[in-house]
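Please keep the sequence and the structure in view while reading.

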Amino acid sequence: RRTKETRISVDLCLEGGEIRISTGIGFFDHMLTAFAFYGGLGLKIEAEGDLEVDGHHTVEDTGIVFGAALAQALGDKKGIRRVGSCFLPMDESLAFCALDISGRPYLAFDAAFPAEMCGGYASELTEEFFRAVSVSSGITLHLKAEGRNTHHMIEALYKAFARALRDAAALDPRVKGVPSTKGVL
């Protein structure tokens, strides 16, 4: 994706591989690295954005490109489990993710972060990233976190999303065709 504000490329492998993240936002790099590791993904992201303004465009556009790459990697979705969920604790924080690779994008997000910033990353960008991923990938995504430490809460959300996605995208030999009673997603 190339815009007047950002230049972003994503290389995604659902079956694992190298993890190399460079967005110019240290905390975001940390979250994406943890996400790829916990999701068992190969993930390379190169992002350049107008960070002199703030991180919004970089984070949101990275979510758009990642979501599109995810949709492409899932292909026709034949044989996948389709749904996944995860409760993930991180010290005093607890995050929950439930998702459905449904073709119907929707984000329900519930997290009140105590701090506005984690390093150079605005906490509110967490919701923007996940909204962009949901819309561009066609995933119904529910995320919730509680806790007292913003870093822990956000990291738990990324990790819970990773584990839920890993389960939902996994092939299930019992599933024949597309996992839908309608026959299409």
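**Overall fold**

The model is predicted. Its chain contains four helices and nine strands, which follow one another along the sequence in the pattern β-β-α-β-α-β-β-β-β-β-α-β-α. The C-alpha trace spans about 50 × 40 × 30 Å along its principal axes. The radius of gyration is 16 Å, which agrees with the value near 16 Å that a compact globule of 185 residues would have. Of the 185 residues, 49% are buried. Among contacts between residues at least 6 apart in sequence, 79% join residues at least 24 apart.

**Packing around helix 4**

Helix 4 (residues 150-169) packs with helix 3 (residues 125-137), and its axis also comes within 8 Å of that of helix 1 (residues 26-39). The geometry of the two pairs is set out below.

| Helix pair | Angle | Axis separation | Handedness |
|---|---|---|---|
| Helix 3 and helix 4 | about 15° | 11 Å | left-handed |
| Helix 1 and helix 4 | roughly 30° | within 8 Å | right-handed |

The axes of helix 3 and helix 4 are 11 Å apart, at an angle of about 15°. Because angles under 35 degrees count as roughly parallel, helix 3 is roughly parallel to helix 4. On the helix 3 side, the contact involves Thr 126, Phe 129, Phe 130 and Val 133, which meet Ile 154, Leu 157, Tyr 158 and Phe 161 of helix 4. Seven residues of this contact are nonpolar, one is polar and none is charged.

Helix 1 and helix 4 cross at roughly 30°, and the crossing is right-handed. Helix 1 contributes residues including Phe 27, Phe 28, Met 31, Leu 32 and Phe 35, while those of helix 4 include Ile 154, Glu 155, Tyr 158, Phe 161 and Arg 166. By class, this contact has twelve nonpolar, three polar and four charged residues. Ile 154, Tyr 158 and Phe 161 of helix 4 take part in the contact with helix 3 and also in that with helix 1.

Most residues other than glycine have a negative phi. Lys 77, which is not a glycine, has a positive phi of about 70°. Arg 82 likewise has a positive value, near 85°. Lys 77 lies in the loop between helix 2 (56-74) and strand 4 (83-90), and Arg 82 is also placed in the loop between helix 2 and strand 4.

Are these residues buried or exposed? Lys 77 counts as buried because its relative accessibility is 16%, under the 20% cut-off. Arg 82 is buried as well, with a relative accessible area of 13%.

Notes: Residues are numbered from 1 along each chain as its sequence is written. This is a predicted model: local features need pLDDT of at least 70, side-chain atom pairs count only at pLDDT 80 or more; totals for chains, interfaces and linings use all residues. Side-chain values use heavy atoms; hydrogens and water are left out. Axes are lines fitted to C-alpha atoms, for helices over the stretch in contact, and angles run from 0 to 180 degrees between N-to-C directions. Helices (H or I, at least four residues) and strands (E, at least two) are DSSP runs, numbered from the N terminus. Angles under 35 degrees count as roughly parallel, over 145 as roughly antiparallel, 65 to 115 as roughly perpendicular and the rest as oblique. A crossing is left-handed if the near helix is turned anticlockwise from the far one by less than a right angle, and right-handed if clockwise. Contact means heavy atoms within 4.5 Å. Ala, Val, Leu, Ile, Met, Phe, Trp, Tyr, Cys and Pro count as nonpolar, Asp, Glu, Lys and Arg as charged, and the others, Gly among them, as polar. The radius of gyration is taken over C-alpha atoms; the globule rule is 2.2 Å times the number of residues to the power 0.38. Buried means under 20% relative accessible area, exposed over 50%, partly exposed in between (1.4 Å probe, protein chains only).
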